[in-house]
Every structure is written in C-alpha cells, then in structure tokens.
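Below is a short report on one protein chain.

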Amino acid sequence: MTSNRRFHIAVMPGDGIGPDVIDAALTVLEAAVGGAGFTLDFEHLTAGAAAWRDTGTAMSQETFERAKAADAILLGAMGLPDVRYADGTEIAPQLDLRFRLGLYAGVRPVRALPGGVRPLADPRSADIDLVIVRESTEGLFASRGKGVVEDDRIARDTMVITRETCERLFDTSFRLARRRKVRGGRGKVTCVDKSNVFASMAFFRRIFDECAARHPDIEAAHHYVDAAALDLVRKPWAFDVMVTENMFGDILSDLTAALVGGMGMAPSADIGDGHGVFQPAHGSAPDIAGRGIANPLAAIQSAAMMLDWLAERHGVEACAEAGRRIDAAVATVLAAGHPRPVDLGGEDGTEAITRAVIDAL
Ligand code: ATP
C-alpha cells in the first residue's frame, strides 16, 4: 500500500544562490507531488557560512540530528569566500555531513538534452549520458583537517582507501548501472584510478575487480584517470557509470558538467546506506548571488533524484514517477529554448525558469 506515504524532508538552503535554487526546487516538488499519492513534509534548517558568521556554529548538533532523522536531505550550497576559519579554509558543513552520515557515494549524472549547451562540436555529443560516482568519505579528502606542514619546508596529506567503503561504493555503482540498463543504459561500469603508480589505487582496482565478478550482467572496464580526462573530452558518449576516488571525482565531475552546459545543469546526490543528501553540484556562486539569475535546473534535477532514491528505498513507485515527470519537464523547457537561463546564453532569471518547469509539468 503506497498511498498516503509521508516523507520528512530536511531542507538546508545554505548560502549565496543556495536559497534561490532551493526555493525553485521546492516549488517544483510541490507542483509535481500534488495528488501523486504521497506527501513531502519540508522542515527548514539553518546551516552554512552565514550561520557560522551570525551564530558561531556552521551546523548545530540539533540541526544535524534533525537532518539525520529525516527521510532525505535537500541542500542548496554552503560556503562564502570571505567567511573563513582562522586557518583560511572555507566553512563547509556539507562536507561534514558526508563524513558523519557515511555518504560514501557522490552520484553525479550528466546527460545531453535537446536545446542544451554542447561545447563539443562532434554530433555524437548529443548522446552523452553518463554518471560519475565519486567516493566521498575517504581518498585524499580523508586528510581534510589532518594535513601537516613541517618547518615550513614540507607538507603532507595522506590518501586513505578502505576495503569496506570500496565494496559498498562499487556495489552501488553496479546496481546503478543495472537500474540505468533497464531504462536503456549501456550497462557498463568503468573504474577510474591511477593503479599503475599508487598502491592505494591498485588496491582500489583489485576490490573493483572482485565486485565486478559478483555482477556478471554488467560490463566492467578500467581507465587511468589521466586517460579518462582525455577521453571525457574526446568521446564522452562512450561512458556509462564511472566510479572513482574522491579527489579524482571532484575534478572529473566539474569537467563532465561543462560537457552539458556547466554547473547550473549538474545535479548530484550523496548517498550512504541509511541517508541521502541531494544538492546541485555547484557552489554558492557568490558572483551572482542576490541577482535572481541563478539557473535552478541543477537543483530541480537534484530534487528529482531525491524522489527516485526515495522510490527505490521505500518501494513507492509514485515517487519515481513524479521524479521522471520533473526530468521530462526540464527537458521540455530546454528544448523549447525559451525561457532560457543566463548561464546557457539566455536572459531569463531563476523565477521565469522555475515557472516554465511548472507549466511543463
Ligand atoms: P565550490 O567550491 O563550493 O564548488 P566554486 O566557487 O568552485 O564552489 P561555484 O559556486 O559552483 O564554484 O561557481 C562556479 C561558477 O559557476 C561561477 O562563475 C558561478 O557563477 C557559476 N554558477 C554556479 N552555479 C550556477 C547556477 N546555478 N547558475 C548560474 N551560474 C552558476
């Protein structure tokens, strides 16, 4: 029985353009969910760089507990360039969320849509449809806050790869490839590493191969990260799911976002065994904050990913259906060419784009 299912969604708008794009995503969610047979209850929570500046706490323990208790977390963006800790690092409680909630899989899909921006001249770029799965709790980022500088002479950050996280990360990637295959995907997972140089990366690849053997229906491939960067520009349409270490994924997912129009078009999900945080891949974009011109489509597509994840997790098909309707509405708006977001070469602001998505629904 799926009717009347209520989901508690923790909403963290954050800093800069975060509140603008989250407002847009919530409006679209409300329009998509109305009468669909389930309900979303939104709870707004304050966290981020402005919160730290105003209250001395970037994310209070109470806020964290509220977010942890929710069925899913919808997040805008956090961090402001001029609000920093004494050591010069940015205030980024969203990174702490990844560690504290064990969100090991950063899922970052990139799909070329008719009417979207395609910087590559090759017509096959119309077929780009890939996902980067970025390990998000260890790798080189395990060193965050722990790196050392000795005598102003030498600095060290340490890469950490664990079997436990890798196994869950790779299994998530193969399951994702299988779910995409049902919808017409290639059914392929590529492990992106630097196993020809680093022991940690050879270990990463070995565990990948072990997991691949448990998923014989899905093709498994390998790529060194440098060659992957080359091929993501030369022939990105050849990839399906790509799974990689934290730092490599951080870099490659910005590259792949550029293949379809940049950060305003890049949704993401940080997923663990018990929790999911859904947020646009972009940051707080202080250069355009407060001007009403942020592209809300990445946040709106992140909200659609949230519905798909809730659907899979709780067996509520109406939820997946609402997510698909949102994705289809985004595609309709892009294909129409008007209104068009400023970062895609148009002249229309956040509100006009949001309204168009709702009309398309
Ligand atoms: P972070 O370090 O948090 O990832 P960042 O400073 O690297 O953040 P962003 O905040 O993502 O980067 O901004 C990068 C560029 O992309 C900026 O020029 C910004 O204006 C632009 N940008 C990001 N998001 C959007 C959006 N939703 N709409 C339009 N432009 C955007």
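Asp152 sits in the loop that links strand S6 (148-150) to strand S7 (154-156). Helices (H or I, at least four residues) and strands (E, at least two) are DSSP runs, numbered from the N terminus. Phi of Asp152 is near 55°, a positive value for a residue other than glycine. Asp152 is exposed, at a relative accessible area of 74%. Here buried means under 20% relative accessible area, exposed over 50%, and partly exposed in between (1.4 Å probe, protein chains only).

Ala285 is not a glycine either, yet has a positive phi of about 45°. Its loop runs between strand S12 (276-280) and helix H9 (297-314). The peptide bond joining His338 and Pro339 is cis, with omega about -5°. Pro339 belongs to the loop between helix H10 (317-336) and helix H11 (350-360).

## Basis of the model

The model is predicted: local features need pLDDT of at least 70, side-chain atom pairs count only at pLDDT 80 or more, and totals for chains, interfaces and linings use all residues. Residues are numbered from 1 along each chain as its sequence is written, and side-chain values use heavy atoms, with hydrogens and water left out.

## Two residues and their contacts

Asp157 lies in the loop between S7 and helix H5 (163-182). Its relative accessibility is 54%, so Asp157 counts as exposed. Leaving out residues up to four places away in sequence, Asp157 touches Leu140, Ser143 and Gly147. Contact means heavy atoms within 4.5 Å. Phe141 is 16 residues from Asp157 in sequence, and their C-alpha atoms are 8.7 Å apart.

Ile73 belongs to strand S3 (residues 72-77). Is Ile73 buried or exposed? At 1% relative accessibility, Ile73 counts as buried. Neighbours within four places in sequence aside, Ile73 contacts Ala10, Met12, Ala67, Leu101, Gly276, Val277 and Phe278. Leu176 is 103 residues from Ile73 in sequence and 20 Å away in space, C-alpha to C-alpha.

## Helix H1

Helix H1 (residues 18-33) has 16 residues. At 1.5 Å a residue it should span 22 Å, and its end C-alpha atoms are 22 Å apart, which agrees. The expected span is 1.5 Å times one less than the number of residues.

Which residues of H1 are buried? They are Gly18, Val21, Ile22, Ala24, Ala25, Leu26, Val28, Leu29, Ala32 and Val33. An α-helix has 3.6 residues a turn, so residues three or four places apart point the same way. Just after H1, Gly35 takes a positive phi of about 75°.

## The whole chain

The secondary structure comes to 11 helices and 12 strands. For 361 residues, a compact globule would have a radius of gyration near 21 Å; this chain has 20 Å, which agrees. That radius is taken over C-alpha atoms, and the globule rule is 2.2 Å times the number of residues to the power 0.38. The C-alpha trace spans about 55 × 50 × 45 Å along its principal axes. Of the 361 residues, 52% count as buried. Among contacts between residues at least 6 apart in sequence, 75% join residues at least 24 apart.

The accessible surface comes to about 15,500 Å², and 51% of that belongs to carbon and sulfur atoms. Areas come from the Shrake-Rupley method with a 1.4 Å probe; for residues, only the protein chains shown count as cover.
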